[in-house]
Amino acid sequence: MGDDGNRRSEGTPSQEDVLPDELRAHLDAIQHRDPESVRSLLEAVLSVGRELELPQVLRHIVKAAVVLVDAEYGALGVIGEKPRLAQFLTVGVTEEQTDVIGHLPEGHGILGELIRHPESLRLSELSDHPASYGFPPGHPPMHSFLGVPIRIRDEVFGNLYLTEKRGGKDFDDEDEAVLSTLAMAAGVAIDNARLYEQARDRQRWLKANAEIVASLLSGADETQVLALIVDHGRRILGADLGALALPDEGKDVMRVVLAEGVDAEAHQGLVLPREGSFVGAALHAGKPIISADVRTDPRITAGPPRWRGLGPAVAVPMITSGGVLAVLLLARTRGSTPFTPAETVPLLSFAGQAALAMELAGRRRSAEQLRLLEDRDRIARDLHDLAIQRLFATGMTLQSTVRFVEHPAARERLLRAVDDLDETIKIIRSTIFGLRAHDTSRARQGLRVRATMAVEQAVRSLGFTPSVRMEGLIDTDVPPAVAEHVVAVLAETLSNVARHAHASAAEVSLVARKGRLTVTVTDNGTGIPAGCHRSGLDNLAGRAEGLGGTLTLEAPDQGGTRVVWAVPISQD
């Protein structure tokens, strides 16, 4: 009965039972050895398997290896594509020693021997092996050596390297058996961590795509959407720099319209040739291209130097049925883990779906613009055929009535009414002219439309919709050069309201009268505090003075701020 109390309950698996068969067989093979060593190995195997984040798994493996075989130094080398060591984690080497040694090994010498021949290797003296290259200056002395490969199914993921058995001893058969067992457990743990990482990243990509599609469908500005694409790519793949380049239509160049992260200012606004640039190479390839070190990539033969401090990079074309819409570039700092094909597969899908969403959103905007133009045509036609004709007829009637009125004051009022009707007809004709201006390019849009758009763009940051009032022949009397300033003035003043005023309402008015345009923006916020930074307002004042006008700041009795920007305009 006493023995039964020490046995596990029937049907309850032990920790060993949950291990893969091959790994359990390795553990069984060393059961005859020191029980304490076996228990330590089992604990290490199980602890490594508990981790899910790949960087922590790798670090845990090399630490456990050093403890199990009582070594002074340990390292885990991850094999890249060439094959070379793409990652090298060490235990026992201090930060000061690492700084003196400099660049981490890439897989030459003894380290490369295990890459070329993935079998266990045990040496009493490192320097005696034919493949030994020696050590760089500042490297700690190492003599005894034990290395074993880490396999994931039929793939060699990397190698475990241990040196300097404590006490000046050599590594023995038991050390090799223990380390080989740990390496097998490491392969299982790394495989699980990879699967977890892939599942997590897939979820992140799906969420990122959903956010981009939602932003486009809600009418977000295209620049904001492009920034979202770059931000998601950087965050999910752990990139230090993200940039987006668009091909210029009719030109053999790429323009970097957005850059975020390390040295973003060196990339922002660059105009690069398609031939000889990294993004151009991705454009021509029509598929992702990867560089282990972008600073020395042979595909980059043109453009200014801008890759200092960067290393691994990937460029992915955003492809739609109409061709390549843009190229997304991501880069990591020098010495970071290179991008892998496994990472670029979901990135390519993400870029393609983002491009498709942008294309569909563009088509939707075109359809909405067409409907808007049709509505404008109808309104313009109705105004011309109905409103103007009635006003004109009313004016003629009043003019013909004047001669029957003898009272001077009454005659004067009738004549003023006729003048008001003439002015109203001019305003309506100006409105019709603006409605029928089908060219939607920025330079040809009427000021009424552009001013309205400037106010609409500020709504998101303001949190409310300002009221807008326009008087006079805004579209015809305001010169194009002045109109450009007006749009900038509205953008700056409404931005100030959003950032500083803490307002809940605002009013915008544009009045063109008697050869002068007055732009007024009033809010009900906290007012302008004394001593505040006024660079934005100084710019507005400079614009007004350059046109012979003025900028006035007022504090209404009911609170808030009123900005009045007034400039002279020529009349037709």
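Colleague: Which strand is T522 found in?
Modeller: T522 is in strand β14, residues 516–523. Strands here are DSSP E runs of at least two residues, helices are H or I runs of at least four, and both are numbered from the N terminus. Bear in mind that this is a predicted model: local features need pLDDT of at least 70, side-chain atom pairs count only at pLDDT 80 or more, and totals for chains, interfaces and linings use all residues. Residues are numbered from 1 along each chain as its sequence is written, and side-chain values use heavy atoms, with hydrogens and water left out.

Colleague: Why does T522 count as buried?
Modeller: Because its relative accessibility is 14%. Buried means under 20% relative accessible area, exposed is over 50%, and partly exposed is in between, using a 1.4 Å probe and protein chains only.

Colleague: And what does T522 touch?
Modeller: Leaving out residues up to four places away in sequence, T522 touches A505, A506, E507, P556, T561 and R562. A contact is heavy atoms within 4.5 Å.

Colleague: Which side chain does the T522 side chain make a polar contact with?
Modeller: That of R562, at 3.5 Å. A polar contact is a pair of N or O atoms within 3.5 Å; within protein, one must be able to donate a hydrogen and the other to accept it, and residues adjacent in sequence count only if both atoms are side-chain atoms.

Colleague: Where is confidence highest and where is it lowest?
Modeller: Highest in β14, at a mean of 95, and lowest in helix α1 (residues 2–6), at 40. That's pLDDT, the predictor's confidence in each residue, from 0 to 100. Over residues 1–19 the pLDDT is below 50, and over residues 438–443 it stays under 50 too. For the protein, the mean is 78.

Colleague: Switching topic: what's the strand order in the open sheet of six?
Modeller: The order is β8-β7-β6-β11-β10-β9, with antiparallel pairing. Two strands pair if DSSP finds at least two bridges between them.

Colleague: How many bridges join β6 to β11?
Modeller: Five, between residues 241–247 and 323–333. As one of the details, L241 has A331 as its bridge partner in β11.

Colleague: Last one: is helix α6 mostly covered or uncovered?
Modeller: Mostly covered: seven of the eight residues in α6 (109–116) are buried. Those are G109, I110, L111, G112, E113, L114 and I115. Across the protein, buried residues make up 42% of the 572.
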